Amino acid sequence: MYAFLARRLLSTIPVLLVVAVLVFMMLRLTPGDPAAILAGDAANTEQIARIRTNLGLDRPILVQFGIWFGNLLQGDLGESFYYKTKVAALIGQRLEPTLSLATMTILIAVLVAVPLGVLAAWRFGGWFDRTLMGFSVLGFSIPVFVLAYILIWIVSLKLGWLPVQGYKRIADGVGPWLTHLALPSVTLSIIYIALIARVTRASVLETLGEDYIRTARAKGLPESSVLVRHALTNAAVPIATIIGIGIALLIGGVVVTESVYAIPGLGRLTVDAVLARDFPTIQGVILLFSFAYVAVNLLVDLSYVFFDPRIRY
Amino acid sequence: MPAPDTAKYEALSVESAAAVRQQSAWQRVKRNLSVRLGGTALAVLLLVALAAPFLGTVDPTLFDAASRDLLPGKSGEITTLEGETVKHTFLMGSDSFGRDIYSRVVYGTRVSLFVGVSTALLALAFGILLGLASGYLRWLDGPLMRVMDGVMAIPAILIAIALVAMWRGSLLTVVVAIAIPEIPRVTRLVRSLVLTIREEPYVEAAISLGTPTLKIMFGHILPNTIAPLLVQGTFICAAGILTEAILSFLGVGLPPDIPTWGNVMAEGRAQFNEYPHNIFFPGIFLAVTVLSVNILGDGLRDTLDPKMAKRV
């Protein structure tokens with residue numbers, strides 16, 4: 001188990017290294033002077049020269065990468081030219097809204113999608129199954145910002161039930177925090193529900209055909225126990241996998257959702273940084289999101305051992 | 001005892017069975033409800049895109065200060081580039097510059113379909129090349145797949161946003177930026193197909209006959225990857241259309257003067273409370289288009305690639 005843990009941890013290192021190289025290269029592949037790009041559109045010659053020497057841009061590219069990567073390992077993501085602060089500090093300030101939104105979204109998605117998927121598999125081919133599959137294609141297709149505006153229009157503008165936009169810190173009270181988070185997380189969870197429900201259905205459908213299900217039914221277990229204890233538990237590995245892979249979708253959705261609902265989180269920071277062409281911040285956010293994606297999928301892999309004791313690696 | 005029905009047995013001969021199977025792949029596709037539904041919807045959208053100038057539209061870049069913020073169906077006037085002022089009915093209303101939203105949405109169909117199809121083609125082209133190379137040239141496999149793993153670890157939309165930000169938005173940069181994060185998925189698919197197919201007897205036979213590697217790759221292996229790639233291509237097309245709209249909506253995509261659904265929605269944001277139709281009309285077009293492509297893809301997957309259909 002510990003050997004597996006160590007091996008799996010080590011296997012993330014090459015991926016993260018490639019990500020770091022790619023993020024580093026992104027700027028170098030751009031036509032033009034990286035120092036001028038990094039300094040932003042408003043910088044003067046002196047600022048550009050200072051950045052050039054600071055980053056060693058006049059030195060060979062490998063040395064440049066070494067300097068950049070060395071700083072990165074010390075948690076130094078550089079300085080945002082737009083906000084005039086350290087990128088790491090900037091990210092720290094914006095972490096809470098995004099973490100709240102992402103956690104809430106995953107919670108809603110799993111709690112809704114897994115039961116729906118199990119039910120659809122249980123009544124495979126029936127009206128519920130067909131309806132759910134229809135809605136899941138729709139869920140994949142409806143753009144998250146269009147859905148966001150439809151929900152704002154109905155729930156906030158017409159019915160007046162929830163605030164239209166904004167974010168309240170959890171420190172300011174759980175009530176306002178929840179009401180401000182409700183609409184964005186429901187919006188964001190729709191595509192995730194579509195994805196997880198589909199995979200849950202397919203996966204449970206497969207286990208329902210196994211011999212042990214027939215045995216469980218034959219010995220007179222209640223159907224709910226057959227579905228949850230026997231079918232769902234054995235179908236858990238693909239479901240956990242898709243939750244992990246879906247994090248990439250979630251991150252993309254966060255960028256859009258935060259923008260529509262005016263939530264001052266990392267997604268909003270990304271868009272603002274891009275609009276201001278604030279490259280140190282863009283690089284920092286991409287690195288952080290990719291790191292989170294890799295970390296979540298590491299946790300998912302580790303969860304296999306828990307769901308399926310046969311897996312020992 | 002009735003005489004045996006010879007026609008029935010003839011149909012079971014080896015040759016005719018092969019012929020039936022050959023035919024049925026395409027016929028299954030044609031008979032599939034999803035394929036028909038999605039295909040028809042896309043054909044209509046393509047027609048709208050091609051016939052945009054003849055559908056009661058005006059030049060989508062025209063604006064008239066006298067026709068600002070009109071509600072859908074209201075009449076107003078619009079000044080053409082020649083300085084002529086003509087009467088025009090704003091079927092979907094007008095935006096805060098006095099531009100006709102209907103015309104912008106109809107012309108936006110062109111951009112969306114173009115971006116969707118070209119990102120799919122571009123991602124497929126590079127994915128096929130890299131996948132063939134990785135599946136066939138073993139020394140290249142390890143390093144190439146590690147790079148692909150790295151690209152896949154970065155959320156697609158972030159790659160697209162960052163690249164467009166650096167290159168500045170134009171039709172070409174947007175298509176390339178959206179296609180790049182899709183390449184690893186195609187590469188992986190092609191690679192896994194190649195690894196399976198290269199063990200087939202006919203490939204072994206070709207190798208032992210001394211067929212050049214390039215000819216084996218493109219002549220023997222590639223044709224057998226077409227069905228799953230077609231399926232993958234439709235899903236990339238749908239993702240491409242969505243991503244372009246997201247980029248434009250966030251203000252980091254195509255320049256605002258190009259009529260795209262994302263741009264129309266971006267302009268409608270500020271006035272959403274009073275004029276929600278600015279966002280809803282292009283939003284409906286976008287959702288219907290992506291839905292059609294996805295339905296078509298689902299149908300193709302069910303009929304062409306039963307193994308994949310079972311997985312998800």
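**Close-up 1. Helix 1 of chain A against helix 13 of chain A, in a predicted model.** The two axes come within 10 Å and cross at roughly 160°. Angles over 145 degrees count as roughly antiparallel, so helix 1 of chain A is roughly antiparallel to helix 13 of chain A. Their crossing is right-handed. Helix 1 of chain A brings A:Arg8, A:Thr12, A:Val15, A:Leu16, A:Val19, A:Ala20, A:Val23 and A:Leu27 to the contact. From helix 13 of chain A come A:Phe279, A:Gln283, A:Ile286, A:Leu287, A:Ser290, A:Phe291, A:Val294, A:Leu298, A:Asp301 and A:Leu302. By class, the residues of this contact are 13 nonpolar, 3 polar and 2 charged.

**Close-up 2. Helix 6 of chain A against helix 8 of chain A.** The axes lie 8 Å apart, at an angle of about 135°. That angle makes helix 6 of chain A oblique to helix 8 of chain A. The crossing is left-handed. A:Leu132, A:Ser136, A:Gly139 and A:Phe140 of helix 6 of chain A take part. Helix 8 of chain A supplies A:Ile190, A:Ile191, A:Ile193, A:Ala194, A:Ala197 and A:Arg198. The contact counts 7 nonpolar, 2 polar and 1 charged residues.

**Close-up 3. Chain A where it touches chain B.** Here 38 residues of chain A are in contact with 37 residues of chain B. Several helices of chain A each supply at least two residues to this side, including helix 1 (2-28), helix 6 (127-141), helix 8 (174-208) and helix 13 (279-307). Helix 7 (144-158), helix 11 (236-260) and helix 12 (266-275) of chain A do too. The side of chain A that touches chain B has 30 nonpolar, 6 polar and 2 charged residues.

Key: Residues numbered from 1 in each chain as written. Chains lettered and ligands numbered in written order. Predicted model: local features only at pLDDT ≥ 70, side-chain atom pairs only at ≥ 80, totals over all residues. Contact = placed C-beta atoms within 7 Å. Helix = DSSP H or I, 4+ residues; strand = E, 2+ residues; numbered from the N terminus. Nonpolar A, V, L, I, M, F, W, Y, C, P; charged D, E, K, R; others polar. Axes fitted to C-alpha atoms, helices over the stretch in contact; angles between N-to-C directions. Parallel < 35°, antiparallel > 145°, perpendicular 65-115°, else oblique. Left-handed = near helix turned anticlockwise from the far one by under 90°.
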